Amino acid sequence: MLSVREKIAYGLGDTASNIVFQTVMLFLTFFYTDIFGISAAFVGTMFLAVRIMDAVTDPLMGYLADRTNTRWGRYRPYLLWFAFPFAAISVLAFTTPDLSESGKEIYALITYALLMLAYTAINIPYCALGAAMTTNPAERVSVQSYRFVFAMLGGLMVSALTLPLVDFFGAGDKAKGYQLTILAMSILGTLMFLLCFAGTKERDFTTDDNRDNLKAATKALWANDQWRVLSAAAIFLLTGLVLKSTLAIYYVKYVLGREEMISLFVTSGVIGNIFGVGLAKKLADKVCKVKAYIRLQLIAAALCLLAWFVPSDQYLLALVLYVAWNFTINMGTPLLWAKMADTVDYGQYKTGVRTTGLVYSSVIFFIKLGLAIGGALAGWLLAAYGYQADAVQSQETLDGMVLCFTLYPALASIAVAFIMRRYTLDSHRVAQISLALEQKHSGT
């Protein structure tokens, strides 16, 4: 059994990660279009282009982490090594130099690409660390529940404080306000990464047959059919989630006509996230994790569809449905990450090769691919529906925003539910695999 203190320390790592992740998801598109002055179409293309880079860097990072060998372990050292570079690049990404239009696009592309590289270097080892802390299936759900409660606390901090801090630091200069806000948050994030490094411990469950080359490890990964299911689900999950989260600001400002309520809207959504992930373990204790996850996706889809029918003058009803959607879809988040650890065990059980970092890095690649597709769709669809930054929008544009915020995320959740019907690692089967691996590890 892991101590509460260690679980909290692990959770702080995702608080730090989410300072950037949630900022990117909630504010970066808006920052690029309305503050830095880049076209929505270019932003969408840029988000997707950087993901092509991740197709190479993410698996390599996972492979490298699996083969790192230090006195601190395989995965923990990266929290120490990359905490400061991650913070510095985050500030650069939210800096607005006075450049030409093409110069701004090049600067945004370079700094965003560097930000995603730094995120890969610190986040993939961090995620793999969760599987290296315990092999107990119930403890894995508990660890992930702690992790995502603290992750959502980071998201809460971002959603509640970003715009007020921008106004405070900028004093009318929003570009300066964003830069100084991210600087303050990045300093806090660095401290949290260091606390995560100091407060966690790796327990090495790998075996000597894990020292394969990249080609052999990749072959073993592809033989893991349950990894393929999770990867496919991750793309659709993040596409819908990011599309809806990105459009939230635009939806409140233009469709509901309540710009002054943006912070309350997105902050309330994050509070829904926190309660959702906090109750995930209770749900997993009573219901099969696989069936629960599928049902949660279908409920999330239904809530999105209901929001489609909300009149533009019903801010409170829109807020309630947004909070309920966040609560529902994020209750499944710890279950999904616990499934990743189960998939690592399944892969070792099936192939004899344990590829912890490679499993996490590859699933994270598909998560980031979904993040990119969702962000790209947001930019492309805004452009397609005729969006003009900080201007009165046409009815066609407003109708398009509603579709992007409601119908399209609903379709994504339905796709996730359909894909997860092929996931077979229920609680009983996971327990059998865990027992078999423990017996092999102990030589009995």
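Author: A salt bridge is a side-chain nitrogen of Lys or Arg within 4 Å of a carboxyl oxygen of Asp or Glu, and in this predicted model E139 forms one with K7, where the closest N and O atoms are 3.4 Å apart.

Reader: Okay, and which helices do E139 and K7 lie in?

Author: E139 lies in helix α5, which spans residues 137–170, and K7 lies in helix α1, so the pair ties together parts that are 132 residues apart in sequence.

Reader: Are those two buried or exposed, E139 and K7?

Author: E139 is buried, with a relative accessible area of 6%, and K7 also counts as buried, at 6% relative accessibility.

Reader: How many salt bridges does the structure hold?

Author: The structure holds nine salt bridges, and one of them joins the side chains of R203 and E6, at 3.0 Å from N to O.

Reader: Where do R203 and E6 lie?

Author: R203 lies in the loop between α6 (174–199) and α7 (214–222), while E6 lies in helix α1 (residues 4–36), so this pair ties together parts that are 197 residues apart in sequence. R203 is partly exposed, with a relative accessible area of 27%, whereas E6 counts as buried, at 8% relative accessibility.

Reader: Switching topic, what does E260 form a salt bridge with?

Author: E260 forms a salt bridge with R258, and the closest N and O atoms there are 2.9 Å apart. E260 is exposed, with a relative accessible area of 57%, and R258 is partly exposed, at 30%.

Notes
Residues numbered from 1 in each chain as written. Predicted model: local features only at pLDDT ≥ 70, side-chain atom pairs only at ≥ 80, totals over all residues. Heavy atoms only, no water. Helix = DSSP H or I, 4+ residues; strand = E, 2+ residues; numbered from the N terminus. Buried < 20%, exposed > 50% of the residue type's maximum accessible area, 1.4 Å probe, protein only.
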